[in-house]
Amino acid sequence: MIPWLGGEPVFPPLEQALAEPNGLLAAGGSLAPEWLLAAYRNGIFPWFSPGEPILWWSPDPRLVLFPERLHISRTLRRTLRRQPFEVRLDTAFAAVMQACAAPRGPGLGTWITPAMRSAYQRMHELGHAHSVECWRDGRLVGGLYGMALGKVFFGESMFCRETDASKVALAHLARLLAEREYGMIDCQMTTAHLLSMGAEEISRTDFCRALAHWTPIGPPPCRWRADAAAGFAWP
């Protein structure tokens, strides 16, 4: 059994998270800003399907990407040099979430429920949640979104409508965060795709130790300048 959370954003110790399914910690609570901020600062994130209560997770190990260690393949580097997309920040957050929420195949659902979209849109309005967008000829063709607390970026989801668009978005995000001296990008769950781009697994203990160091520092929450990741040179 996992605990049911009450009216305050107080979570059980992470050591109580289940090993199977990996990281399931608690249920209930709210997606209000104070809940999300408390969760992310403590290495916890919400993830649940339509019809389920809010489920809170803290897997062990945790997949992270250190911005300066991003692996860019030869093919992706050629794409970055060609600059086929216009990369913008925070100009179409709701559209990025909507695209990420689209089913990835016939009969497949999404965990990005209307409640999640509403909650993260509110976090965007408060300056905590951000989008990285790839545009071509006025069309949004790829991107990602996530949360920034202190000097940690918590990646949530990405989408791609043209080849390499989501990879280009991630490359620009990592480059921007490296220049701003962010400590890490939280990738949450391990995937072969993210491993191929330089992400690595660390223990939950090390992850939470890093959060304690990096989340209290950095600029106050604000909307990112739309062209802050534009014009990077890719040698």
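Here is a stop-by-stop tour, from the whole chain down to single strands.

**Before we start.** This is a predicted model, so local features need pLDDT of at least 70 and side-chain atom pairs count only at pLDDT 80 or more, while totals for chains, interfaces and linings use all residues. Residues are numbered from 1 along each chain as its sequence is written, and side-chain values use heavy atoms, with hydrogens and water left out.

**Stop 1: the whole chain.** Select everything. You'll find 7 helices and 11 strands; these are DSSP runs numbered from the N terminus, helices being H or I with at least four residues and strands E with at least two. The radius of gyration is 17 Å, close to the 18 Å that the globule rule gives for 235 residues, so the chain is as compact as a globular protein of that length. (That radius is taken over C-alpha atoms, and the rule is 2.2 Å times the number of residues to the power 0.38.) Along its principal axes, the C-alpha trace spans about 50 × 35 × 35 Å. Of the 235 residues, 52% count as buried, meaning under 20% relative accessible area with a 1.4 Å probe, protein chains only.

Stop 2: Now select 4–5 and 45–46, which are β1 and β3. They belong to an open sheet of 4 strands with mixed pairing, in the order β1-β2-β4-β3. β1 and β3 stand at the edges with a single partner strand each, so one side of each is left without a neighbour in the sheet. (Strands pair if DSSP finds at least two bridges between them.) Look for P46 and its bridge partner W56 in β4.

**Stop 3: helix α3.** Select 93–101. Which residues of α3 are buried? They are F93, V96, M97, A99, C100 and A101. Their cover includes α4 (114–125), β7 (129–136), β8 (139–149) and β9 (152–160), counting contacts as heavy atoms within 4.5 Å.

**Stop 4: strand β10.** Select 184–188 and show side chains. Here 5 of 5 residues are buried. M184, D186 and Q188 point one way, and I185 and C187 the other. In a regular strand the side chains alternate between the two faces of the sheet.

Next, bring in the partners of β10. β5 (residues 62–65) pairs with β10 in the antiparallel sense over 3 bridges, and L63 has Q188 as its bridge partner. β9 pairs with β10 in the parallel sense, also over 3 bridges; there, the bridge partner of F154 is D186.

Terms used:
Buried means under 20% relative accessible area, exposed over 50%, partly exposed in between (1.4 Å probe, protein chains only).
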